[in-house]
Amino acid sequence: MNILTTENLKKHYDMGEIQVKALDGINLFVREGEFLAIVGTSGSGKSTLLHMLGGLDIPTSGRVVVDGKDISKMAKDELTIFRRRKIGFVFQNYNLLPLMNVYENIVLPIKLDGLKPDQDYVEQIITLLGLKEKKYAMPGQLSGGQQQRVALARALATKPAIILADEPTGNLDSRTSQDVLGLMKTTGQRFGQTIVMITHNDEIAQMAERIIRLEDGKICGGGDRYAESEE
Amino acid sequence: MLKVKNKKVVSEIARTTYRANKKRNFLMVFAIFLTTFLIAIVLALGVSYWNTVSERQIRMQGMDYDIELSEPRDDQIEKIRSMDNVEYVGVAVKCAMIEQYQDKSLDKTRLYWLDETCWERQTIPALEGYEGKYPQDENEIMLSKYTLKAMGIPKPEIGMKLPVTYFTLEESSDEELLKKEFTLCGWYTDYSGSHRGYVSKDFFGKTGVKQTDFTQGALKITLKNPLYSEKDITAMQNEINMDQNQYIDADTDTISNFCKIVIGLVVMLLMIFVSGYLFIYNTLYISVSKDIRYYGQLKTVGMTSVQLKRMVYQQAVWNAVAGIPLGLAAAFMIAKIVIPQLLQIINPVFSASDVVSAKIWVFLTAGCFAFFTNWISCQKPAKMVGECSPIEALRYTACTCRKNNYKREGGGVYSMALQNMFRDKKQAVVILTSFTIAISIFLVVNVIIHENDAKRILNETYTYDMQFKNETTLDDDKKQIITEDRISQIEQINGVKNVRKVTSAEVVVPYQEEVYGEYYKELYQSRYSPGNYEEDMELYQKEPENAYFTSRFISVDEEGFGLLNESIGNTLDKKAFEDGKIAVAVKFLSFMEGDYGIPGKTIRFSLPDGKEPAEEYSIQIAAAVDNRSNPAVFAGGITPDLIVSEKYAKKLMGELFTELIDVQYEDAFSKGTEEKVKAVFGDEQQISHESKLERYADMKNSETTVKVLGNSIGFIIAMLAVLNYLNMMAAGVQNRSKEFATLESIGMTTKQAKKMLRMEGIGYAVISTIISFIVGLPISYAVFDAMNLYRISFSVPWGSNLILLGVTLVLCMVVPVFIYQKTQNASIIKRLQNGDTI
């Protein structure tokens, strides 16, 4: 079953007299529980695609359907709530809130949903990601790898259906990168989550089950594997 | 070292950076504009307000001089005139009193002769205005409009004939009534509320009164430096060889009062300056904090600290060049055009041309202050820019992040709001301080405006709205004009709260040394000694019924008792007073302090007009009050008057003679009620009246100016408080653009973000309000006390303060949300990518 599909997704930017086609008719199908990597060179549109998938940016045309819902038609707050519950984001530069400690950063999306964090589950993630010792540390006290693990824990905390990771290892050394990716994969499998990761690093991409290659805003391989089965 | 020519490139980068940050520059220029405007307008309006209030005070006194010498001799006048510290001296002599105009009895209208200096230099400046000229011919007279109104002449004309009955104050004249037809040669308006008029030198000469006559003549002295000490007065006294009865009336607290006022003003000005400084500083600090990563980047590519600092200063100068002239122009427009126009709209007869003293120094001060503030405010951010390492700068977040672990498991919207308020402690302190100062200034200014409100001053000095006096009270053929009928007629008028009745009769108090002995001794030793103590006491013992020794038997109703009791600290036993067991004695002179052992003693007296004229009664005296607490106005002889209850007086007197009534309205200064109340006595010739509303009406012009200027200052300062907050919030929200995007990306809805901002706003408003009250109220009291010219009681104008606080609270809740809505509408990813550029 496809948890995420895009239909003829386009994102065009007007830069003076030139029109830049960041995404040019993307049709993508992602199955539930799949670990997908999107690769491509710089400027190929992979980040733009990820942002569209997570509703962080608005497409020029086309549809993004997550868990059966067309997110491109949602109102702003509706989309935010949907994202809070269904999608977890991991950014390249972590985007942790500097005023909150590790624990607070992790549970913030749950609290924003007006819920009480499932302490067992949160503790489980914290332990799994090796953050137990740093539970009350402030982001400024953590190394890059630790911060990225906190970002991952935050993305996992709400038990989202999909995790979207934008170059999650971009700021990390190769060993830490392996650690973070390994954890991502383990947790994904353990909690039955779909992972869509973008990277420009082929080696990293190899850890995914499927790789999609993007060039000039178009998929040039791997994108339509599950298209027919869905139909 | 070789000199590197890089000024040009630094300037170019500064220019490019400046051009790229239009919104931020706008906030900076706006901050400078607002500070310049505020300082200039507050100075301009403040000076004008001060002048108007001082002018009104002089008008309430009726004459402008520093000290006064009683009964001056010619040699003394010459001597004083030649003294170094004396600017000029004027002579004023009270020479006659008008009793009646046509058939209308008047309150005693004093006629003075003034010499040229006294009229031109000491009296004219204390007048709101005058028509005509000072009397030259013997039959000419100039009267106050207040007196003319009391005569029933609301629209006087030059040359009109005024037939009056008067007596001269010549010592041997024995107050013999004379008739004369004066010609009105002019009239004037002041705010003294006293019945007064001026006569020519010829008339004065004919009265036979001399400037050296006891209590009649006075030398009004204007000093070069109005700040004088007791020592100066003593020195003057020593030089002029004063007679025994002469005295110099001077306020020896002038210097300390002046110091108090100066301290009050300095505190106010300091607060305004600090507020302006913090405003500019904070905006600049936020602006540089936001740019710090950018500066870090410039550092990484090789820009030095000096060059970066230069850039910050350069941009600050550009902001100043744009903001200061705009602020000055706006202040000039408001001071010279808007406020005078407003005054004219409110009061069309007003000549509003020079109301606001928009002097050049005001603008220069404001301009220089804003420039230097801007410059000083740059120091800290420039230092910040210069000192931070490139990497630190690249990692910079505008918050004071904790260094240690913090075991906290919050994270909801409320706890985020709280953390956000103090995320950058320095900035939080600056925001709260500047907000607190602005609100405190408003509190202080408001108290001053409230203090100088003419209605309030009059309310504090008048115990009634309207007083009707029976002018026949002391006549042999006195007439009961204020009848019970009329009193109940007034009581029934809609809008009348109560009517206090004061009755009086002559009382004969036989000589009783054990009761009043000490008091008489003191009285005869005073400057106002009525004569020879031994001779007079001997006469008193022989003829206690002599008008010179008799006094008044005054009665007050329940309301009147309340007022009397209040004036002496509620020490009287109401029941005992009602039952006629105790009375209150009124000392002859108001300045006589002490009770001379009178309270507790029993006095014997008889009432010639009472039921039993031959009967001698006795009553215990519970308190001795001075004349200010006396509800009656007509005086008896030198023996203290007795105040008793109406019930007791009725018992002894039968029918009581009503000397006066004090009418109090539901709404003070109500025109409608006043008209109806006045109509009860219609054209009654022997009734004079004193009205608080009429006194207020005379002060109208000055009051309009005081109010418009005062309220404008209050309004502008309130605006500052609000705009200051607005600007800081705008900068703050824009500064956190990336954070909002992050929060949104992990699921914070717009609604939640707005809620968080609202909570932050409420937090700032509540904290600064609490601090403002803790800080502002004591300062208000201190400033109030320093400037309390009319000895009125302290009260806080809660109404306007609550309005400001309400508006502040609403704005604190609405503004951040509004700014958020206006600035955070790009897509999340764009805001994340833009980081902290606007």
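Mentor: A nonpolar core is a set of buried Ala, Val, Leu, Ile, Met, Phe, Trp, Tyr and Cys residues joined through side-chain atoms within 4.5 Å. Buried means under 20% relative accessible area, exposed over 50%, and partly exposed in between (1.4 Å probe, protein chains only). This is a predicted model: local features need pLDDT of at least 70, side-chain atom pairs count only at pLDDT 80 or more, and totals for chains, interfaces and linings use all residues. Residues are numbered from 1 along each chain as its sequence is written, chains are lettered from A and ligands numbered from 1 in the order in which they are written, and side-chain values use heavy atoms, without hydrogens and water.

Trainee: Which residues touch the most other members of the largest nonpolar core?

Mentor: They are B:Ile41, B:Tyr49, B:Ile272, B:Tyr295 and B:Ile717, in a core of 78 residues. Helix H2 (residues 22-61) of chain B gives the most to this core, 15 residues. Helices (H or I, at least four residues) and strands (E, at least two) are DSSP runs, numbered from the N terminus. Another core, of 54 residues, lies apart; B:Trp119 and B:Phe167 are among them.

Trainee: What is B:Ile717 in contact with?

Mentor: Contact means heavy atoms within 4.5 Å. Leaving aside neighbours within four places in sequence, the partners of B:Ile717 include B:Leu38, B:Ile272 and B:Phe442.

Trainee: Why is B:Thr189 called buried?

Mentor: Its relative accessible area is 16%, so B:Thr189 is buried. B:Thr189 sits in strand S7 (residues 178-189) of chain B. Not counting residues up to four places away in sequence, B:Thr189 touches B:Leu127, B:Glu128, B:Gly129, B:Lys145 and B:Asp698.

Trainee: What makes S4(A) and S5(A) a pair?

Mentor: Two strands pair if DSSP finds at least two bridges between them. Two bridges join strand S4 (residues 61-66) of chain A to S5(A), so they pair, and they run antiparallel. A:Val66 has A:Lys69 in S5(A) as its bridge partner.

Trainee: What is the order of the strands in the open sheet of chain A?

Mentor: The order is S2-S1-S4-S5, with antiparallel pairing. Strand S2 (18-31) and strand S5 (69-70) of chain A are the edge strands, because each pairs on one side only.
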